[in-house]
Amino acid sequence: MLRAFRVSGSSMEPTLRTDDIVVVLKKKNISINDIVVVEDGEYGFLIKRLEKFEKNGIKLSSDNKNSFSPATKNIYATSNIVGKYVFKINAKSLLCKLFYT
């Protein structure tokens with residue numbers, strides 16, 4: 001099942017930017033360095049890179065090393081993974097193409 005999420009914040013720049021739309025697919029074959037969406041009870045849906053597998057879950061990281069995300073300190077159960085990044089849509093660019101061409 002495909003799901004879409006809007007990017008908010010700078011933690012995944014330059015790969016993903018605020019207002020990009022990320023489309024993810026629920027997959028079982030998740031690998032290190034994949035971009036995933038994880039559901040967090042405190043922060044909601046997070047879009048991060050899978051850094052490593054731990055004994056009790058996964059550790060996430062941000063692409064932007066100049067931006068701190070407290071969620072990267074946590075270990076998440078693999079059951080919290082909503083999906084794996086498939087593609088993105090730059091919403092601003094799409095709107096410009098739709099309304100100015």
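This is a predicted model: local features need pLDDT of at least 70, side-chain atom pairs count only at pLDDT 80 or more; totals for chains, interfaces and linings use all residues.

Student: How much space lies in the largest pocket?
Tutor: About 300 Å³. Its lining has 17 residues. Ser8, Phe45, Leu46, Ile47 and Lys48 lie nearest the centre.

Student: Which strand gives the largest share of that lining?
Tutor: β4, with four residues. β1 (2-6) and β4 (44-54) each supply at least two.

Student: How do the lining residues divide into nonpolar, polar and charged?
Tutor: Nine are nonpolar, six polar and two charged.

Student: Switching to strands. What sense do β1 and β2 pair in?
Tutor: Antiparallel, over five bridges. Phe5 has Val22 in β2 as its bridge partner. Val22 is also bridged to Lys88 in β7. β2 and β7 (residues 81-90) run antiparallel too, joined by six bridges.

Student: How many salt bridges does the structure hold?
Tutor: Six. One of them pairs Arg6 with Asp19, with the closest N and O atoms 2.9 Å apart. Arg6 sits in strand β1 and Asp19 in the loop between β1 and β2, 13 residues apart.

Student: Is Arg6 buried or exposed?
Tutor: Exposed, at 51% relative accessible area. Asp19 is partly exposed, at 25%.

Student: And Lys84 with Asp34, what's the N to O distance?
Tutor: 3.3 Å. Lys84 is in β7 and Asp34 is in the loop between β2 and β3, 50 residues apart. Lys84 counts as buried because its 16% relative accessibility is under 20%. Asp34 is buried as well, at 14%.

How values were computed
Residues are numbered from 1 along each chain as its sequence is written. Side-chain values use heavy atoms; hydrogens and water are left out. On a 1 Å grid over the protein atoms alone, a cavity is a set of points where a 1.4 Å probe fits but cannot get out, and a pocket is an open set with protein on both sides within 12 Å along at least five of seven lines; lining residues have an atom within 4 Å of a point. Grid points are joined across faces, edges and corners, and a volume is the space filled by probe spheres set on the points. Ala, Val, Leu, Ile, Met, Phe, Trp, Tyr, Cys and Pro count as nonpolar, Asp, Glu, Lys and Arg as charged, and the others, Gly among them, as polar. Two strands pair if DSSP finds at least two bridges between them. A salt bridge is a side-chain nitrogen of Lys or Arg within 4 Å of a carboxyl oxygen of Asp or Glu. Buried means under 20% relative accessible area, exposed over 50%, partly exposed in between (1.4 Å probe, protein chains only).
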